[in-house]
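Please read this briefing alongside the sequence and the model.

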Amino acid sequence: MLDTGRSDSWRRAFRVELRAEAIGLAFRGWPVLPGTYPAGAHWAGRDGIDDTGPVPVHRDWQERIGTKAEQVATWWAGKPYSLLLATGAGYDAIEVDYDLGRRAARVLRSVGMPVPIIATPDSRWFFLTRSGKALSAKLAADPAITFHGEGDWITLPPSPFQHGVVHWRVKPEVCGWHIPQSRTVQDALSDALNEPSHDRLVRQLVAAD
């Protein structure tokens with residue numbers, strides 16, 4: 001078991017890293033927010049909500065969208081809060097499972113259009129896009145795809161989960177900090193859905209037996 005002294009030191013170091021990332025993104029105009037963070041089997045940082053997370057620390061989080069970097073810096077002054085991005089305020093996200101995400105990323109690379117992609121420890125991938133376009137009917141009907149827009153949020157790296165850390169599969173720097181239009185990612189996902197996936201092939205083989 002990790003001793004208390006080392007655990008506290010790790011939390012302080014992690015808070016510094018989260019704070020630096022939050023400030024940098026806020027300077028770029030990203031609507032970042034502090035979120036609850038894992039503390040053992042629960043989520044800490046907001047009274048009354050400890051069984052699921054991360055969620056925004058502030059109940060009035062929607063009113064805080066667009067807060068300047070100087071104020072954002074104070075939010076991470078004392079706790080290792082998760083780093084959240086409010087969606088629908090310039091940025092949206094399309095969430096998919098690992099298999100579809102990997103195939104869509106391959107489609108985008110093949111046409112020379114890498115886009116920022118986030119991955120969570122539970123094997124969910126998030127493709128960042130500009131706000132303004134809902135999912136096509138085909139994608140919206142797929143239970144493996146979730147759209148995050150107005151009134152929602154996603155978790156940004158390097159936020160901790162109970163069993164790992166959120167990380168970039170494709171960092172924004174790789175794309176020159178260019179966030180694509182939603183249609184670009186949706187087209188890639190549509191193409192990827194037409195490819196035979198590993199899971200689909202396994203189901204077909206099982207059915208054939």
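The expected span of a helix is 1.5 Å times one less than its number of residues. Helices (H or I, at least four residues) and strands (E, at least two) are DSSP runs, numbered from the N terminus. This is a predicted model, in which local features need pLDDT of at least 70, side-chain atom pairs count only at pLDDT 80 or more, and totals for chains, interfaces and linings use all residues. Residues are numbered from 1 along each chain as its sequence is written, and side-chain values use heavy atoms, with hydrogens and water left out.

**Overall make-up**

- The chain holds six helices and 12 strands.
- Of its 209 residues, 45% are buried, where buried means under 20% relative accessible area, exposed over 50% and partly exposed in between (1.4 Å probe, protein chains only).
- Contact means heavy atoms within 4.5 Å; among contacts between residues at least 6 apart in sequence, 77% join residues at least 24 apart.

**Helix 5**

- Helix 5 covers residues 182-193, and its 12 residues should span 16 Å at 1.5 Å a residue; the end C-alpha atoms are 16 Å apart, which agrees.
- Buried residues of helix 5 include Ser 182, Val 185, Gln 186, Ala 188, Leu 189 and Leu 193.
- In general, an α-helix has 3.6 residues a turn, so residues three or four places apart point the same way.

**Nonpolar cores**

- A nonpolar core is a set of buried Ala, Val, Leu, Ile, Met, Phe, Trp, Tyr and Cys residues joined through side-chain atoms within 4.5 Å.
- The largest such core has 35 residues, and Trp 30 and Leu 156 have the most contacts inside it.
- Elements that each supply at least two residues of this core include helix 1, strand 1, helix 2 (69-75), strand 4 (82-87) and strand 9 (152-156).
- Helix 1 gives the largest share of this core, six residues.
- Another core, of 22 residues, lies apart from it, with Leu 100, Leu 108, Ala 119 and Val 170 among its members.
- Leaving aside neighbours within four places in sequence, the contacts of Leu 156 include Leu 25, Trp 30, Val 32, Ile 118 and Trp 168.

**Arg 28 and Trp 177**

- Arg 28 sits in the loop between helix 1 (4-27) and strand 1 (32-35) and is partly exposed, at 47% relative accessible area.
- Beyond its neighbours within four places in sequence, Arg 28 is in contact with Tyr 91 and Trp 177.
- Arg 28 and Trp 177 are 149 residues apart along the chain, yet their C-alpha atoms are separated by 9.3 Å.
- Trp 177 belongs to the loop between strand 12 (167-170) and helix 5 and is partly exposed, at 24%.

**Backbone exceptions**

- Most residues other than glycine have a negative phi, and most peptide bonds are trans.
- Trp 177 has a positive phi, near 60°.
- Ser 123, which is not a glycine, has a positive phi of about 65°; Ser 123 lies in the loop between strand 6 (117-119) and strand 7 and is partly exposed, at 41%.
- The peptide bond from Gly 53 to Pro 54 is cis, with omega near -5°, and Pro 54 is in the loop between strand 3 and helix 2.
- The bond from Pro 157 to Pro 158 is also cis, with omega near 0°; Pro 158 is in the loop between strand 9 and strand 10 (160-161).
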